[in-house]
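Here are my notes for a first look at this structure. Please read them with the model open beside you.

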Amino acid sequence: MSGKALQNGFSAGSTAWYPPRVSRIEKVYQGKFRTLLRLAGARRLEAGVNWFLSRARARAGSDPVKRNEILVDLESRLFKQLARASRSGCPPLPASRFPVPSHFLFLCDAGLGGLARWLRAAGYQTVWFPGIADHELLDRAVDRRAFLLTTDSLLLERRLLRERLIPALWLLPTLKVLQQLEIVFRELHLTVRGSRCMKCGGELKRVDKASVWDRIPPKTRLWLDEYYVCRNCNHLFWHGTHWQNIRRRLSALQPALAP
Ligand SMILES: [Zn+2]
């Protein structure tokens with residue numbers, strides 16, 4: 001048996017599955033494929049799970065980053081296929097595939113600052129600490145009973161995450177921010193809410209134009225009358241073209257995800 005065949009999980013000259021060493025991320029995706037295939041009523045569940053893993057390995061070769069990207073893509077395609085089937089009369093997908101906390105406070109690790117801003121725009125309280133150490137991140141997640149979003153697969157090995165004491169979702173760091181957002185929405189069955197402050201996640205309150213007149217750029221004053229101030233950091237917001245673009249992207253997210 002060749003080294004490459006071993007690496008890909010196949011015995012030489014056949015397509016039989018040979019159990020290779022499974023990475024942390026592959027373990028995560030084993031669980032995801034198992035859940036989805038069970039929902040799809042797959043008869044040979046483990047063979048199906050292994051088929052997805054072996055396909056990712058075969059396509060990625062020895063590149064683990066590419067393999068993870070393929071796993072994310074395969075899971076996304078399977079989910080969407082099931083969602084379409086569920087719309088056409090097959091059993092619906094469950095309300096959530098994760099134990100979602102009753103309150104939604106997201107805690108993003110240092111690599112997810114862009115995602116944090118989009119989640120706030122979508123109306124979710126989200127905190128993000130650049131450069132925070134792992135132990136501090138986990139302490140804060142426990143203290144604030146937050147849902148952890150992380151790009152660090154090593155964190156998945158921590159007892160607090162393994163035992164689901166901290167609910168968490170791993171995200172592939174090489175994805176674009178809107179792809180990460182789509183996965184969070186899909187996994188947790190989120191819907192777009194009224195926006196929060198994109199800088200700090202605070203609640204926005206409507207204010208009179210006159211009360212913030214001096215803070216509005218002169219050109220904006222001419223065509224906009226609605227203004228909002230963050231209750232937490234006092235940042236001024238208005239629904240300009242940039243904002244409309246953000247909301248358009250957010251609203252485009254939902255129909256594609258609806259089961
Ligand atoms: Zn703010």
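This is a predicted model: local features need pLDDT of at least 70, side-chain atom pairs count only at pLDDT 80 or more; totals for chains, interfaces and linings use all residues.

1. Look next at a helix pair. Helix α2 covers residues 24-39 and helix α3 covers residues 45-60. Their axes come within 9 Å and cross at roughly 135°. Angles over 145 degrees would count as roughly antiparallel. The α2 and α3 pair is therefore oblique. The crossing of α2 past α3 is right-handed.

2. Which residues of α2 and α3 make the contact? From α2 come E26, Q30, F33, R34, L37 and R38. From α3 come L45, E46, G48, V49, N50, F52, L53 and R57. By class, the contact of α2 with α3 has six nonpolar, five charged and three polar residues.

3. Now turn to the sheet. It is open and has three strands, in the order β5-β6-β7. Pairing is antiparallel. Strands β5 and β7 lie at the edges, each pairing on one side only. From one strand to the next, the twist averages 40°.

4. Strand β6 spans residues 227-230 and pairs with β7 over three bridges, in the antiparallel sense. Opposite V229 stands L236 in β7.

5. Finally, check I216. This residue sits in the loop between β5 (204-207) and α9 (218-223). Is I216 buried or exposed? Its relative accessibility is 2%, so I216 counts as buried. Leaving aside residues up to four places away in sequence, I216 touches K209, R221, Y227 and L236. I216 and L236 are 20 residues apart along the chain, and their C-alpha atoms are separated by 8.3 Å.

Conventions. Residues are numbered from 1 along each chain as its sequence is written. Side-chain values use heavy atoms; hydrogens and water are left out. Axes are lines fitted to C-alpha atoms, for helices over the stretch in contact, and angles run from 0 to 180 degrees between N-to-C directions. Helices (H or I, at least four residues) and strands (E, at least two) are DSSP runs, numbered from the N terminus. Angles under 35 degrees count as roughly parallel, over 145 as roughly antiparallel, 65 to 115 as roughly perpendicular and the rest as oblique. A crossing is left-handed if the near helix is turned anticlockwise from the far one by less than a right angle, and right-handed if clockwise. Contact means heavy atoms within 4.5 Å. Ala, Val, Leu, Ile, Met, Phe, Trp, Tyr, Cys and Pro count as nonpolar, Asp, Glu, Lys and Arg as charged, and the others, Gly among them, as polar. Buried means under 20% relative accessible area, exposed over 50%, partly exposed in between (1.4 Å probe, protein chains only). Two strands pair if DSSP finds at least two bridges between them.
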